Amino acid sequence: MMSKEGFCIRCKKNSNLDRIGDEILCKPCLIFKYEKYRNECMPQCNRLENLIASFKKQIASLHPQINTNLTNANQVRQAIELAYNNQLKILNDERNNLLALVEECKKDNNKFFEFEKQLDHLSNDINEFKNPSQDIL
């Protein structure tokens, strides 16, 4: 509300005026208008207050369910994180085992190639023994 000096549109007196909506009224006319419409407005105001109270009650009754849902959601999140971390640990352990096997395979492969070289060397020595080269004589 905005107060200013002027003529009331209802009683035409010069006084401090207040604007309510499109009307500019003095205090007595404003009170008269309020009294006039109060009886019409009060039942609607009471219904509105009851409706608001009902909404507040419904919202209040939902708080425990919301808190339970939040608790359940947190528990689900923790379970997912735990399962995910466990799976990561299992996968990491499996990866490490496989990498260790690959390293063992490389070592075995190197040993195999070394053994193959030794066999070739022995085979050459045997061939050399069986067929001595003319350079030795």
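Q: Where is the place of L119?
A: Let's start with how to read this predicted model, in which residues are numbered from 1 along each chain as its sequence is written. Local features need pLDDT of at least 70, side-chain atom pairs count only at pLDDT 80 or more, totals for chains, interfaces and linings use all residues, and side-chain values use heavy atoms, with hydrogens and water left out. Helices here are DSSP runs of H or I with at least four residues, and strands are runs of E with at least two, numbered from the N terminus. The place of L119 is in helix α1.

Q: In what order do the elements of the protein run from the N terminus on?
A: The protein has one helix and three strands. Read from the N terminus on, the elements run β-β-β-α.

Q: Why is the protein described as more spread out than a compact globule?
A: The radius of gyration is taken over C-alpha atoms, and the globule rule is 2.2 Å times the number of residues to the power 0.38. For 137 residues that rule gives 14 Å. The protein is more spread out than a compact globule because its radius of gyration is well over that value, at 49 Å.

Q: What box do the C-alpha atoms of the protein fill?
A: Picture a box taken along the principal axes of the protein. The C-alpha atoms fill roughly 150 × 35 × 15 Å.

Q: How far apart are the C-alpha atoms of L119 and I24?
A: Along the chain, L119 and I24 are 95 residues apart.

Q: Is L119 buried, partly exposed or exposed?
A: Buried means under 20% relative accessible area, exposed means over 50%, and partly exposed is in between (1.4 Å probe, protein chains only). L119 has 43% relative accessibility. It therefore counts as partly exposed.

Q: How many of the 137 residues, as a percentage, count as buried?
A: Burial uses the under 20% cut-off. Across the 137 residues of the protein, the buried share is 7%.

Q: What is the C-alpha separation of M42 and A60?
A: M42 lies in helix α1, and at 34% relative accessibility M42 counts as partly exposed. M42 and A60 are 18 residues apart in sequence. C-alpha to C-alpha, they are 26 Å apart.

Q: What is the C-alpha separation of I66 and A79?
A: I66 is also found in helix α1, and its 48% relative accessibility makes it partly exposed. I66 and A79 are 13 residues apart along the chain. Their C-alpha atoms are separated by 20 Å.

Q: What is phi of K12 near?
A: K12 lies in the loop between β1 and β2 (14–20), and at 58% relative accessibility K12 counts as exposed. Most residues other than glycine have a negative phi. K12 is a residue other than glycine with a positive value, near 65 degrees.
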